[in-house]
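Let's take a friendly look at charged side chains and how they pair up. Have the sequence and the 3D view ready as you read.

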Amino acid sequence: LAPEWKKAASQLKGEVKLGAVDATVHGGLASKYGVRGYPTIKVFPGGSKSGQPEDYQGARSASSIVEFGRELAAQNLPPPEVVELTGPAALEDCQKKSLCFISVLPDILDSKASGRNALVSSLQTLADKYKKRPFGWVWTFAGAQPNLEKNLEVGGFGYPALAAVNSRKNRVAVLKGAFTEDSISDFVGRLLLHKESTAQFETLGDIKTVAAWDGQDGQEHFEEEFDLSELDDIDLDDEPAAKTEL
């Protein structure tokens, strides 16, 4: 095991910690963790150290140990944040991922704060579900980024809308189904299996800098009503002034 263990430790450096203990020298430590034979591999998950380790049951090759270690590390990663698209930087960061999921949510007057929060929460659940994948997640709202909507061809058939962008290949796929966790999961699955239709795009357009949503319901703005009494001073019988021909 020793040569494979050293090889795996080298490959996992900075990702997963691998250590070695001579149980014939440190008998108390071996007894504490139930080591009864040699070599034994114990797995200590990240986070709280109060729990008991588990026995590693996989193959003893470096490749198997590395695969197991990276899988375990991925489980303990925090999910990526679903970011509001308030300017170019947020989209640029998202485009660095293998897939950037761009959601266009309804106007706040249509969804209210509760509706928008529910949609963002669903997106965060999906980001957590696919956290092992190099995905980025951003959202904006109807009309906030008109160039982006136009170039992705989303929003015209209603909101919320979702597009998956591969910036390295300049390809985009648009969700055609319902904006639900199950429907989006199916959409992602088809993308991963290369079974979802995609289209070419030239550019995503200029991204406007907008104020971040304050978390509140929107306020409707009404135009001031026209006061008909203002017409009292207008003589409707006056002949219009003669026009001069050009």
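Glu 196 has a relative accessible area of 15%. That makes Glu 196 buried, because the cut-off for this label is under 20%. Keep in mind that you are looking at a predicted model.

What does Glu 196 form with Arg 190? The two residues make a salt bridge, and their closest N and O atoms are 2.5 Å apart. Arg 190 counts as partly exposed, at 34% relative accessibility. In general, side chains of opposite charge can pair when their charged atoms come close.

## A link across the sequence

Now find Lys 132 and Glu 71, which also form a salt bridge, with 2.7 Å between the closest N and O atoms. Lys 132 sits in the loop between helix 5 (108-129) and strand 5 (135-141), while Glu 71 belongs to helix 3 (residues 62-75), so this pair ties together parts that are 61 residues apart in sequence.

How accessible are these two partners, Lys 132 and Glu 71? Lys 132 is partly exposed at 45% relative accessibility, and Glu 71 is partly exposed too, at 39%.

## An exposed lysine

Next, look for Asp 93 and Lys 96, whose side chains meet in a salt bridge at 3.6 Å, N to O. Asp 93 is partly exposed, with a relative accessible area of 46%. Lys 96 reaches 63% relative accessibility and counts as exposed, because that label applies over 50%.

## The whole count

How many salt bridges does a search of the whole structure find? The search gives six, and the pairs described here are among them.

Methods:
Residues numbered from 1 in each chain as written. Predicted model: local features only at pLDDT ≥ 70, side-chain atom pairs only at ≥ 80, totals over all residues. Heavy atoms only, no water. Salt bridge = Lys/Arg side-chain N within 4 Å of Asp/Glu carboxyl O. Helix = DSSP H or I, 4+ residues; strand = E, 2+ residues; numbered from the N terminus. Buried < 20%, exposed > 50% of the residue type's maximum accessible area, 1.4 Å probe, protein only.
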